[in-house]
Amino acid sequence: MSAPSVEKGIQFIREQIDAPVASFFSACVHCGLCAEACLFYGQTGDPRYTPINKVEPMRRIWEQEYTLWGRIKSTLGLARKVTEKDFEEWEPLVYDACSLCGRCSLVCPVGNDISGMIRKIREGFSAAGYAPEGLIGATTRAVQIGSPMGVKLPAVQAQIGHLKHDTGLDAPLDQKGAEYMVLLSSMEIMNFPEYLEAVAKIMKQAGKSWTIASKAFEATNSGIQIGTSDIAAELVQRVVDAAEELGVQTVISPECGHAYTAIRWEGPNLIGRPFTFKVKHILEVLDEFREQGLLKTDGMEEAKLTFHDPCQLVRKGGVIKQPRKLLNMVASNFVEMTDHASMNWCCSGGGGVSANERADEIKFKAFRQKKSQLDELQVDTLVTACANCRITLEEGLEEYEMDLPVVGLTEMLADHLVDENEEQG
Amino acid sequence: MTDELTLGERLRQRGVSRRGFLKFCAATASMMALPPSMVPAIAAALEKARRPSVIWLSFQECTGCTESLTRSHAPTIESLIFDHISLDYHHTLQAAAGDAAEHAREAAMQENWGKYLLVVDGSIPTAENGNYSTIAGISNLDMLKEVAEGAAAIVAVGTCAAYGGLPHAKPNPTGAQSVSELISDKPIINVPGCPPIPVVISGVLAHYLTFGVLPELDALGRPMAFFGQNIHDRCYRRPFYERGEFAETFDDEGAKKGWCLFKLGCKGPTTYNACATAKWNEGTSFPIESGHGCIGCSEPNFWDAGGFYQALSVPTGDAGKTLLGAAAVGVAAGAAVGLLNKRNKAKAVEAHEKVTVDDLNRE
Amino acid sequence: MSAEALLAWARGPGFDWALGIFVLGMLLRLFEVLSLGRKPDLAEGRGSGVQGGLRTIVTRTLPRPSVFAREPVRIINGYVFHIGFFLVLFFYGPHIELFQTKLGLSWPALSTGIIDALAVLTVLSLLLALALRLTNPVVKFLSTSGDYVAWLVTLLPVLTGYLAYNHMLLPYTQMLALHLLSVELLLVVAPFTKLTHMFSFALARWYQGYQAGHRGIES
């Protein structure tokens, strides 16, 4: 452990630069098309929010330290070193005006993964002590308490109690040998308890064994959002330890965006070894059930509805078809947004933005992108599959006085499950 | 020995009619792009011209220039004019030899000091004290300097005299140089070509005889009237160049159809001469018309311009060798820089100080 | 220096030096990039990274419709420039002669009239690109001196080539010499500017495409 400093931050950025990053900086031709894909630039017109500009300090470090020409320029005193002022100036660009949604990476003509680089540069900023207060708080709580929102086991147990009381269904804790280990995001535990109920119902119908680990129920990984792999690894390790101790086959990541990215893609690389179990998003599991004929539903939603694609799940997670197949089981009037699936727009609250109070103003500005998508469609219901998207959407809709209910997909499916009691009875 | 007869009297003595003489003057005027109104002036001047003394020095040459100038099918006006300059000294053409020849030269110089025309063909070797070419024990270099001193003007005939020519080609073992590289205090007119076209010489001389001064020259000292246009612009095969129809070999379909010879190395675009208009053998043909690309023989260093059969758009060096050499250096330098990168990155990774939640707040 | 001597130098040592520096510079940049390595991905994949990488190198050539809708002129202009430049470079008879003599490769040429028109189109698109760079707030904000240098060294060969072929501005020998020198300038400058993208675009697309292919996500 050591105190944060600008020098440490630069050191961390040095560490993060690899061959892909070098190839990206070598290939960038300053075409500016990444800005056209970014909702923060699009809704503010501020060129500083151009995605590739957000990683300019990293580019300078790369040029000055990893290229011969840059080294020569440095020796001749022609290079602008990265200083404290740069950290100060770039902090809001790196954290407030970017949700790591990945849309820029998808449109860059030369193939640069810009959002991947922004994720990397956050390592340096957080190590230098230049991360937003809100995220620092969330991360500290996540490590010390076990949840970024400070949710402790008793709260979970309380929800489990409610579940039993309301439905008679059990959410077994620490069940060794269960097939599935379910993770929950704090947001779901606190604001959307319907999710837990939905999962319980579906698991019952599908006849699958599942459990929640008391030592590792939290899905959200604040370490990923603040950009500190050291902490992110610690959080992932908790889940891995629990999963291996319980001997489960699959860990289910809930309706949360970055949680999926954290455990599915970054997880093994953070702890330095492959997992011995599978990791799936709840929608992937549900779609498997659907294919296996284990999901029996009844009735359709008549309301005109559309699906908001959570960035980390769809664009960056590849879970594109599943939500649509599942939605088509229970919705008769499902219309797609014009920019949908991998090209859908971020809710504006991902990647730590929603935990960062300082970013509220710009977040609401950026939300206008989602608003324009909804205005175009004029739907009655908005369905999504991420609790963070859900709360961000709800807050945004309220801010703009739009009357539009937001529903979770798992919840919607569970509502349409054929009641087996009725069947039998 | 200057003759007492004027040029006009001489021509009439030889049976050239007034009409024929005027025709020649008109042709010369038009060749030199002079207006028709100049014809009477040319005629009057040539009529009265006293035969100027001409000393012709042949140095490191193949005699091709002399051959060209004297080659004619029938006695032509050009050859008559040539006869009627007082050619007081010429190795190939004079009857005298040995001491008698050198005495003749010295006498002509003395008698016409400051007024004689010096014509030079062949380059002048300067290596080894000029001993690569001597005449009667005198090096070309010394003879040039000596004779040039009393000349009114110097005509450097052929590319060797004008720019060094063949002997000047790499590696130039004889240290061959052109007239203008060695003499700087006399008016010099370059009439290059390997060899030059006969009518070009006679046109230049006619101009000199008429006006007493040399014609308008370009940046390389060549008369604009004959060297002001490049072959490419006057070439009858130009439409094929425009259409991109090139002969690829000397006997393919394109060659048989008379397509552009650019790909076979034609230097027409960068060569300035009268071949495409005046042509050779009194207007019969010129190299391109015969199916061979122009070799650029009236240009300096045409022997070292990358080869007669390599197109102008092709670099002359050994690209393969350059590529391999540069690649070798590039790989070596790259490996070195790469190692440096790896080391710096490893140092950064090693210096990693783990971040805990207590390290996130800056003071 | 006389025009003919300049041309001889440009065709000779000038070209050799320029080609050498270009090859050396580009190789150096390649090593600089690759030497930084990439950690293997320990997460379970859904597909082939190699296929993703190769596919992305090709598919990224086309823009996403929603981005195209926002900047159609700039995007189309980019295509006009690149296609024009490549056609002029690779399908003009005398250029093909260069490749044939030095590399032993040859292919059919386009009619010179078409090449001439393409050269004009390319120059115009470059002028438009500069205008767009100066007037678009994002692009202007991003631009550095390197962008303008790259623009100039790219424009000069096309412009001088057109002028030489059409015997405009200066006598042919001089104009041809300038054309060759401008090409040599481009070669020498390229490894030190964003023109490295002529090779690194494939690397960048490969790296992102590889990750995408491994993860089974779009790229």
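Select A:Thr306 to start: its bridge partner is A:Leu382, in E6(A). Strands here are DSSP runs of at least two residues (E), and helices are runs of at least four (H or I), numbered from the N terminus. The model is predicted: local features need pLDDT of at least 70, side-chain atom pairs count only at pLDDT 80 or more, and totals for chains, interfaces and linings use all residues. Residues are numbered from 1 along each chain as its sequence is written, and chains are lettered from A in the order in which they are written.

Next, show strand E6 (residues 381-384) of chain A with E5(A). Three bridges join the two, which run parallel. The three strands form an open sheet in the order E5-E6-E7, with parallel pairing; strands pair if DSSP finds at least two bridges between them. Strand E5 (305-307) and strand E7 (406-408) of chain A are the edges, each pairing on one side only.

Move to A:Met181. A:Met181 touches residues including A:Thr211, A:Ala243 and A:Ile252, not counting those up to four places away in sequence. Contact means C-beta atoms, placed from the backbone, within 7 Å.

Go on to where chain A touches chain B. Chain A gives 24 residues and chain B gives 17 residues. Colour H11(A): five residues come from this helix, the largest share of the side of chain A. That side divides into 11 nonpolar, eight polar and five charged residues. Asp, Glu, Lys and Arg count as charged; Ala, Val, Leu, Ile, Met, Phe, Trp, Tyr, Cys and Pro count as nonpolar; the others, Gly among them, are polar.

Notes:
Two residues are in contact if their C-beta atoms, placed from the backbone, lie within 7 Å.
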